[in-house]
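Please look through the model shown below before reading on.

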Amino acid sequence: MSAIKRIIPMLDRVLVKRAETLTTTKGGIVLPEKAQGKMMEGTVIAVGPGARNAQTGEHITPAVKEGDRILLPEFGGTKVEMEDKKEYLLFRESDILAKLE
(Lines give C-alpha, C1' and ligand atoms only; values in the text may rest on other atoms or scores of the structure.)
Protein backbone atom coordinates (compact mmCIF):
# COMPACT_ATOMS: atom_id res chain seq x y z
CA MET A 1 0.00 0.00 0.00
CA SER A 2 1.30 3.45 -0.90
CA ALA A 3 2.24 5.81 1.91
CA ILE A 4 1.42 8.85 -0.24
CA LYS A 5 -2.33 9.14 -0.70
CA ARG A 6 -2.43 12.39 -2.66
CA ILE A 7 -0.09 15.21 -3.57
CA ILE A 8 -1.37 18.77 -3.43
CA PRO A 9 1.09 21.21 -5.05
CA MET A 10 1.69 24.54 -3.29
CA LEU A 11 0.31 27.84 -4.63
CA ASP A 12 0.39 28.07 -8.46
CA ARG A 13 2.28 24.83 -9.07
CA VAL A 14 0.91 22.05 -11.28
CA LEU A 15 1.93 18.36 -11.15
CA VAL A 16 2.15 16.94 -14.68
CA LYS A 17 2.75 13.50 -16.18
CA ARG A 18 4.55 13.97 -19.49
CA ALA A 19 3.16 11.92 -22.40
CA GLU A 20 5.22 8.88 -23.40
CA THR A 21 7.68 9.34 -26.26
CA LEU A 22 7.39 7.18 -29.35
CA THR A 23 9.99 4.42 -29.34
CA THR A 24 9.08 2.98 -32.75
CA THR A 25 8.04 4.52 -36.05
CA LYS A 26 4.84 3.64 -37.90
CA GLY A 27 6.94 1.31 -40.07
CA GLY A 28 8.19 -0.57 -36.99
CA ILE A 29 11.70 0.86 -36.81
CA VAL A 30 12.94 1.13 -33.22
CA LEU A 31 14.31 4.60 -32.43
CA PRO A 32 17.42 4.94 -30.27
CA GLU A 33 17.01 6.96 -27.09
CA LYS A 34 19.01 9.93 -28.44
CA ALA A 35 16.76 10.19 -31.50
CA GLN A 36 13.59 10.36 -29.41
CA GLY A 37 12.39 13.90 -28.87
CA LYS A 38 10.86 15.12 -25.64
CA MET A 39 7.09 15.07 -25.65
CA MET A 40 5.75 18.59 -25.35
CA GLU A 41 2.38 17.31 -24.14
CA GLY A 42 1.28 16.18 -20.71
CA THR A 43 -1.67 15.50 -18.44
CA VAL A 44 -2.38 17.49 -15.28
CA ILE A 45 -2.33 15.18 -12.24
CA ALA A 46 -2.80 17.74 -9.44
CA VAL A 47 -3.18 21.52 -9.14
CA GLY A 48 -2.37 23.84 -6.23
CA PRO A 49 -4.88 26.39 -4.90
CA GLY A 50 -3.37 29.18 -7.04
CA ALA A 51 -1.06 32.17 -6.55
CA ARG A 52 -2.02 34.84 -4.03
CA ASN A 53 -3.26 38.27 -5.05
CA ALA A 54 -0.80 40.84 -3.63
CA GLN A 55 -3.56 43.33 -2.67
CA THR A 56 -6.27 41.07 -1.21
CA GLY A 57 -4.30 37.96 -0.26
CA GLU A 58 -6.91 35.72 -1.89
CA HIS A 59 -5.98 32.81 -4.15
CA ILE A 60 -6.19 33.36 -7.92
CA THR A 61 -7.96 30.32 -9.36
CA PRO A 62 -5.71 28.34 -11.77
CA ALA A 63 -6.77 28.06 -15.43
CA VAL A 64 -6.07 24.29 -15.53
CA LYS A 65 -7.65 21.42 -13.62
CA GLU A 66 -6.89 17.74 -13.04
CA GLY A 67 -7.15 15.68 -16.23
CA ASP A 68 -6.49 18.57 -18.64
CA ARG A 69 -4.09 17.94 -21.52
CA ILE A 70 -1.53 20.71 -21.76
CA LEU A 71 1.36 21.87 -23.93
CA LEU A 72 4.66 22.06 -22.02
CA PRO A 73 7.93 23.88 -22.64
CA GLU A 74 10.77 21.67 -23.88
CA PHE A 75 12.88 22.41 -20.81
CA GLY A 76 12.00 23.27 -17.25
CA GLY A 77 9.92 21.85 -14.47
CA THR A 78 11.11 20.03 -11.37
CA LYS A 79 11.37 16.24 -11.68
CA VAL A 80 9.55 14.29 -8.98
CA GLU A 81 9.81 10.49 -8.74
CA MET A 82 6.97 8.91 -6.81
CA GLU A 83 6.81 5.60 -4.96
CA ASP A 84 5.14 4.01 -8.00
CA LYS A 85 8.50 4.60 -9.84
CA LYS A 86 6.81 6.96 -12.31
CA GLU A 87 8.34 10.34 -13.09
CA TYR A 88 6.26 13.50 -12.80
CA LEU A 89 7.12 17.17 -13.29
CA LEU A 90 6.15 20.22 -11.23
CA PHE A 91 5.60 23.42 -13.23
CA ARG A 92 4.40 26.86 -12.27
CA GLU A 93 1.08 27.62 -13.95
CA SER A 94 2.71 30.51 -15.85
CA ASP A 95 5.22 28.06 -17.44
CA ILE A 96 2.45 26.06 -19.15
CA LEU A 97 2.21 27.09 -22.81
CA ALA A 98 -1.36 26.07 -23.68
CA LYS A 99 -4.34 23.91 -22.80
CA LEU A 100 -5.23 21.27 -25.43
CA GLU A 101 -8.83 20.38 -26.21
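At 37% relative accessibility, Arg69 counts as partly exposed, a class that lies between buried (under 20% relative accessible area) and exposed (over 50%), computed with a 1.4 Å probe and protein chains only. The side chain of Arg69 meets that of Glu41 in a salt bridge with an N to O distance of 3.0 Å, the term standing for a side-chain nitrogen of Lys or Arg within 4 Å of a carboxyl oxygen of Asp or Glu. This pair links distant parts of the chain, with Glu41 in strand β2 (residues 41–47) and Arg69 in strand β3 (residues 69–71), 28 residues apart. Glu41 is partly exposed as well, with a relative accessible area of 25%.

The model is predicted, and local features need pLDDT of at least 70, while side-chain atom pairs count only at pLDDT 80 or more and totals for chains, interfaces and linings use all residues. Residues are numbered from 1 along each chain as its sequence is written, and side-chain values use heavy atoms, with hydrogens and water left out.

The protein chain holds zero helices and six strands, so that its elements run β-β-β-β-β-β from the N terminus on; helices (H or I, at least four residues) and strands (E, at least two) are DSSP runs, numbered from the N terminus. Of the 101 residues, 24% count as buried. Among contacts (heavy atoms within 4.5 Å) between residues at least 6 apart in sequence, 62% join residues at least 24 apart.

Asp12 counts as buried because its relative accessibility is 14%, whereas Arg92 is partly exposed at 37%. In the segment before β1 (13–18) there is also Leu11, whose phi is near 45 degrees, a positive value in a residue other than glycine. Most residues other than glycine have a negative phi.

Strand β1 contains Val14, which is buried because its relative accessible area is 1%. Not counting residues up to four places away in sequence, Val14 touches a set of residues including Val44, Val64, Leu89, Phe91 and Ile96. The C-alpha atoms of Val14 and Glu66 are 9.1 Å apart in space, although the two residues are 52 residues apart in sequence.

The structure holds four salt bridges, and side chains of opposite charge can pair when their charged atoms come close. Asp68 and Lys65 meet in one of them, at 3.3 Å from N to O. Asp68 counts as buried, at 10% relative accessibility. Salt bridges that share partners join Lys65, Asp68 and Lys99 into one network.

Glu83 is found in the loop between β4 (78–81) and β5 (87–92), and counts as partly exposed because its relative accessibility is 46%.
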